[in-house]
Amino acid sequence: MDVGVTEPRSMPSSPSFDDWVEVRAAALLRFAYLVTGSQHAAEDAVQSALELACRKWTRVRRADDPDAYVRRMIVNEHVSDWRRARRKESPVAEVRGADPADPADEISRSDAVWRVCGGLPPQQRAAVVLRYYEDLEYAEIAALLDVAEPTARSHVHRALTALRGELERQERSDD
Amino acid sequence: MTDDTELDRLMREGLERRAGDVDVAVPIAERATAAVRRRHRRGLIVGLAAAASVAVVAVIAALSSTPPPPVDPDDIPAPAIETGVTGETGEWRTEYWADIQVDVPASWSWGGAPMGRGEQRTTCTELADRPYVGRPVSQTDACGTYRVDAPERPPAPYVWLGVPLEPGTVDLGAGWTQETVRVGDSTVTVATDDVDLRSRILGSARAASLCPARMPGPAEPRSETTEEGVGDLLFATVCAYQADGNDFALVYGSDLDTGRARGAIAAADAAAGNDVRCKSTSEFVVLSATFSDDFAASGAPRRLYQDLVYDHTCGHVRTGAAPSGGVRQVDLTADTVAPWAVGGVPGILRGPSTPWAYDYFIGVQG
């Protein structure tokens with residue numbers, strides 16, 4: 001299981017699909033995992049997005065940022081799946097590697113982040129991942145999610161408010 | 001209380017930590033390219049079967065002498081734009097946008113047009129090198145800039161619908177002229193070096209009569225019938241809308257071949273039911289079919305109407321549930337759109353965010 005950060009090797013300005021995906025697949029899987037909360041859902045979303053990108057590669061590779069194109073398809077695929085499944089309760093994010101009895105404060109707070117993300121609607125969750133994991137600006141997030149920039153900011157603000165609430169609850173229960 | 005800076009740090013580090021949990025060793029890229037190759041082989045088989053009904057001997061000879069081409073993911077052909085529309089009177093057809101309609105040469109394709117306002121606008125069209133009718137939609141990610149103050153002579157003539165330009169003419173050089181006229185609340189722009197053609201196209205621009213120019217929201221479906229059932233299918237139309245401010249504007253309208261309309265109705269009848277609800281939609285299509293009522297009482301209307309509403313955002317088709325009344329909602333699938341996603345539809349509508357959408361619509365753009 002890859003836990004390190006891998007710097008992508010430099011690619012020619014117009015790479016083949018195989019060259020591009022060899023470099024980017026791992027990062028796309030990590031992104032999809034954070035958006036969907038599940039290994040299985042992440043693999044489904046990335047595979048669907050890569051199938052689309054492969055079929056349209058002549059067009060996709062001409063775009064300024066093929067990664068943004070594929071990330072958008074991953075988000076759309078996840079949001080569409082969520083709507084079709086009509087999940088009435090919030091999706092439960094997988095929590096791995098966390099020992100509930102571990103007193104380490106940072107791990108406990110990391111769990112809080114994951115719990116909060118697991119309770120967010122898919123588009124909000126996607127906005128949070130794009131902001132804090134992909135480090136996108138709000139204008140980029142808005143374009144990728146096809147929403148207005150204030151909506152993108154609102155998604156992130158609500159998530160932070162939820163995280164603050166979760167941390168306060170956690171502190172109260174620790175007392 | 002945790003301050004915002006600390007929350008930002010926690011969120012960033014928490015996601016970074018969780019990203020390490022995922023197994024990235026799965027052969028995801030190989031699965032994707034294998035799926036694409038399976039789909040391409042199915043497409044080749046279907047295409048060859050269709051050709052065989054027209055020229056069997058020629059196809060068999062070709063198969064025996066020509067090896068199958070290697071599948072190159074960079075060379076997947078785009079679907080051909082099929083014209084299955086009525087309303088083409090010989091060499092001309094009618095295009096609809098918002099509250100206007102205009103006649104254009106029937107052979108012209110469908111493309112994009114400059115979007116936005118101001119001196120520099122974005123244009124994302126795929127078909128600029130052949131005559132086309134353009135609308136301010138994004139057909140592709142490979143976009144360019146259009147300068148209102150310095151328009152360039154195009155490689156081929158075009159008609160633009162709904163591009164906010166000042167009415168008047170602009171000399172593009174070498175005998176080419178771009179002329180914009182206002183019709184109702186919209187504009188029609190023509191660029192060509194053929195004075196007569198420009199005059200005829202602009203002279204045909206008028207208030208539209210096929211579809212409502214604007215809708216407050218997705219139409220309600222309907223399915224009228226009688227004890228004796230419906231009579232002949234007389235004619236059908238397709239009206240497509242996209243979100244525009246607080247309501248929806250007509251972006252495309254067309255007559256539809258009655259055989260295709262029957263196919264669409266049958267496909268919707270056969271589709272699986274669903275009960276997905278969405279808060280909003282950004283694009284929907286209304287297919288309206290008009291039947292004769294052969295047993296109407298004397299003096300009563302002799303028409304029966306059926307409207308199917310295709311919601312591209314929510315992914316469903318709503319039809320009237322005759323004869324009991326009410327509404328039936330079914331899955332939006334390739335089978336349900338194939339009969340009517342012809343003519344300008346593949347080049348104008350975004351469609352649903354599904355893998356099959358790219359075969360019938362522009363599809364999601366990156």
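1. B:Ala264 sits in helix α5 of chain B, which covers residues 258-270. The model is a predicted one, and the remarks here should be read as computed from it.

2. B:Ala264 has a relative accessible area of 0%, so the residue counts as buried, the cut-off being under 20%. Beyond its neighbours within four places in sequence, B:Ala264 is in contact with B:Leu287, B:Leu308, B:Tyr310, B:Pro339 and B:Trp340. For B:Trp340, the C-alpha to C-alpha distance from B:Ala264 is 6.9 Å, although 76 residues separate the two in sequence.

3. The length of α5(B) agrees with expectation: at 1.5 Å a residue its 13 residues should span 18 Å, and the end C-alpha atoms are 18 Å apart. At the start of the helix, a side-chain oxygen of B:Asp257 comes to within 2.9 Å of the backbone nitrogen of B:Gly259.

4. Which residues of α5(B) are buried? They are B:Arg260, B:Ala261, B:Ala264, B:Ile265, B:Ala267 and B:Ala268. Viewed down the helix axis, the buried residues fall within an arc of 160°, and therefore line one face of α5(B).

5. Over all chains, the structure holds 22 salt bridges. One of them joins the side chains of B:Arg206 and B:Asp103, at 3.6 Å from N to O. This pair links distant parts of the chain, 103 residues apart: B:Arg206 is in strand β11 (residues 206-207) and B:Asp103 in strand β2 (residues 100-105), both of chain B. B:Arg206 is partly exposed, at a relative accessible area of 32%.

6. A salt bridge also forms between B:Glu179 and B:Arg198, whose closest N and O atoms are 2.8 Å apart. B:Glu179 lies in strand β9 (residues 176-183) and B:Arg198 in helix α4 (residues 195-204) of chain B, so the pair ties together parts 19 residues apart in sequence. B:Arg198 is buried, with a relative accessible area of 13%.

7. B:Glu220 and B:Arg318 form another salt bridge, with 3.3 Å between the closest N and O atoms. The pair links parts of the chain 98 residues apart: B:Glu220 is in the loop between β12 (214-215) and β13 (222-223) of chain B, and B:Arg318 is in strand β18 (residues 316-320) of chain B. B:Glu220 counts as exposed at 52% relative accessibility, whereas B:Arg318, at 23%, counts as partly exposed.

8. A:Asp111, B:Arg18 and B:Asp21 are joined into one network by salt bridges that share partners.

Definitions and conventions:
Residues are numbered from 1 along each chain as its sequence is written. Chains are lettered from A and ligands numbered from 1 in the order in which they are written. This is a predicted model: local features need pLDDT of at least 70, side-chain atom pairs count only at pLDDT 80 or more; totals for chains, interfaces and linings use all residues. Side-chain values use heavy atoms; hydrogens and water are left out. Helices (H or I, at least four residues) and strands (E, at least two) are DSSP runs, numbered from the N terminus. Buried means under 20% relative accessible area, exposed over 50%, partly exposed in between (1.4 Å probe, protein chains only). Contact means heavy atoms within 4.5 Å. The expected span of a helix is 1.5 Å times one less than its number of residues. The arc is that of the directions from the helix axis to the C-beta atoms. A polar contact is a pair of N or O atoms within 3.5 Å; within protein, one must be able to donate a hydrogen and the other to accept it, and residues adjacent in sequence count only if both atoms are side-chain atoms. A salt bridge is a side-chain nitrogen of Lys or Arg within 4 Å of a carboxyl oxygen of Asp or Glu.
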